[in-house]
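Subject: Structure handover

Hello,

Please find the structure below, with the sequence alongside. My notes come after it.

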Amino acid sequence: MLWDNIDLLIAGLATGATYALVATGFTLLWQTSATVNFAQGDFVTLPAFAIIGLHAAGLPLPLALLGGLVIALIVLGAMFKLLLVDPMLSHGLLPLGIAAIALGVALQEGTKAVFGAEAFPFPSVAGGFDLGPLFVNWQDVLVLGAALIAVAALQMFLARTRTGRCMQATAQNPTVALILGIPVKRMVMLTFLLNASLVTLAAVLISPAILVKFDNGGSIGLSAFCAAIIGGFNQVRGAIAGGLLLGVLENFAATYGPDQYRAAVPMLLLIGFVLFRPQGLLGRATERAV
Amino acid sequence: MTPLLQAHDLRRHFGGVQAVNGISVTVNAGEILGVIGPNGSGKSTLFNCLLGQIAPSGGQVLLDGRDVTGWRPCDLNRLGVSRTFQLLQVFPQLSVLENLILAGQEHVGSRIGRLFGPRDAGLTASAERMLARFRLQPLAHARAGGLSYGQQKLLDIAMAFMAGPRLVLLDEPAGGVNLTMLGGLRDLLRAMNEEQGATFVVIEHNMDFVMSLSHRVICIAEGRIIADGPPAEVREDARVIESYLGT
């Protein structure tokens with residue numbers, strides 16, 4: 001029983017780590033450009049298809065991965081910011097949110113038109129090792145390790161480099177950052193590129209487990225969005241904690257509860273947090289003077 | 001000698017409201033100019049026009065005789081012009097020390113150096129000196145957003161000095177600062193002016209503070225300068241008393 005639960009915990013942390021990556025992207029975009037990217041889940045699908053397409057076209061896997069990253073940086077990073085966010089941001093958050101939803105639909109239908117509605121397998125690491133009575137998959141270890149290293153590196157970058165501090169300053173007070181000579185536009189663009197890198201990594205890590213299908217983005221995006229809110233939305237560390245918590249709870253709920261309600265776990269958790277801890281796990285409660 | 005800052009017939013309207021209506025003013029190097037006037041008289045709009053945060057509808061801004069009208073705030077900042085705000089403008093999630101380093105780091109080194117140079121841009125020592133000067137040393141590693149209002153105000157002012165500016169525009173520096181801190185702040189600004197030759201333009205509603213700090217005071221009402229002269233003279237000006245100070 002104990003070992004079964006440890007097994008569930010490891011698998012849950014692995015799933016949660018990928019949610020954390022996507023949720024961190026949500027948080028970064030919100031902090032630096034007030035963008036709630038409702039297409040974030042579909043952003044995970046695009047690089048997965050790009051990698052599969054490049055690999056199928058004959059590129060070795062490492063080059064296909066690199067190609068997928070480059071495509072994501074261009075399409076989901078630079079083009080997303082320049083062609084959608086910049087023109088829409090001046091119209092307010094709601095039009096931008098709706099435009100992001102439309103982009104998500106376009107990405108889904110676009111990938112469906114090119115690749116069809118079937119699910120594609122994604123290359124994964126085979127085998128595993130025994131841990132007591134448990135058999136631990138290398139794939140789970142890879143997912144958990146890579147995601148944790150990525151978020152730790154991101155945290156280090158934000159907290160311990162000059163550019164990271166400029167990005168934080170841009171997120172916290174863009175007006176003053178601009179006056180102080182911090183290249184705010186470049187910092188915001190860097191955030192979009194970081195987000196594109198995070199979703200590409202998430203695509204590589206989560207795709208072997210769920211297969212690649214045009215409509216995967218909906219559930220991934222919803223889970224990551226809930227994870228970001230549960231964590232405190234305005235906190236990168238919160239997004240990580242929210243993602244891990246959600247991944248573990250989803251796994252336990254699917255095992256000990258009816259499997260068909262697994263998809264309801266993020267929403268139930270979200271409702272619970274909104275009702276009882278609206279500032280999230282690591283967010284700070286703020287008061288508004290009236 | 002060319003004045004450090006000149007505004008010629010500066011104008012800014014918002015729809016039908018003429019917030020700044022033909023203001024001409026000069027600020028000489030080493031001078032402390034006080035700006036007073038009732039709320040809504042156009043003081044902060046004048047600051048925003050001088051600093052390029054709002055493009056003026058008309059007129060000209062000269063810095064060292066060079067036309068800088070409509071220049072971006074960051075470009076003016078690189079020329080040695082900095083400012084504080086009426087409402088607190090610090091980076092709340094960063095530490096006090098990091099706030100100070102941020103305020104100076106874009107003035108240090110080349111663009112490449114800024115990317116790959118040391119994390120503190122070599123500014124830790126000068127930031128610590130600034131902390132000592134503003135008596136904020138014990139709070140160096142505290143989160144700026146967690147400081148009291150008065151302490152954040154001091155930090156905001158200290159940040160304006162981190163890049164070694166020649167001209168600092170202070171928007172209500174005494175607002176929300178308690179009386180004990182206020183005297184110290186005035187002495188500090190005066191010392192900065194005398195020792196470093198820093199030039200200040202200070203918007204302030206605290207008459208004792210601004211009158212005792214400034215070399216010269218202008219009073220603005222309805223977007224125009226209605227008095228310009230030594231503090232004692234402006235304080236006694238009938239138009240200033242009528243439109244702002246009262247009897």
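Predicted model: local features only at pLDDT ≥ 70, side-chain atom pairs only at ≥ 80, totals over all residues.

Residues are numbered from 1 along each chain as its sequence is written, chains are lettered from A and ligands numbered from 1 in the order in which they are written, and side-chain values use heavy atoms, with hydrogens and water left out.

Chain B as a whole

Chain B has ten helices and ten strands; these are DSSP runs numbered from the N terminus, helices being H or I of at least four residues and strands E of at least two. Its radius of gyration is 18 Å, close to the 18 Å of the globule rule for 247 residues, so chain B is as compact as a globular protein of that length. That radius is taken over C-alpha atoms, and the rule is 2.2 Å times the number of residues to the power 0.38. The C-alpha trace of chain B spans about 55 × 40 × 35 Å along its principal axes.

Of the 247 residues in chain B, 54% are buried, meaning under 20% relative accessible area with a 1.4 Å probe, protein chains only. Among contacts (heavy atoms within 4.5 Å) in chain B with a separation of 6 or more, 68% are between residues 24 or more positions apart.

Residue N48(B)

N48(B) lies in helix α1 (residues 43–50) of chain B. Its relative accessibility is 18%, so N48(B) counts as buried. Beyond its neighbours within four places in sequence, N48(B) contacts Q53(B), I54(B) and R83(B).

Strand β9 of chain B

Six of the six residues of strand β9 (residues 216–221) of chain B are buried, so the strand is largely enclosed by the rest of the structure. R216(B), I218(B) and I220(B) point one way from β9(B), while V217(B), C219(B) and A221(B) point the other way.

Strands pair if DSSP finds at least two bridges between them. β9(B) pairs in the parallel sense with strand β3 (residues 32–36) of chain B over four bridges, and C219(B) in β9(B) is the bridge partner of I36(B). With strand β10 (residues 224–229) of chain B, β9(B) runs antiparallel, joined by five bridges; here I218(B) has D228(B) as its bridge partner. β9(B) and β10(B) form a hairpin with two residues between them. In the turn, E222(B) has a positive phi of about 50°.

Regards

Note on methods
Buried < 20%, exposed > 50% of the residue type's maximum accessible area, 1.4 Å probe, protein only.
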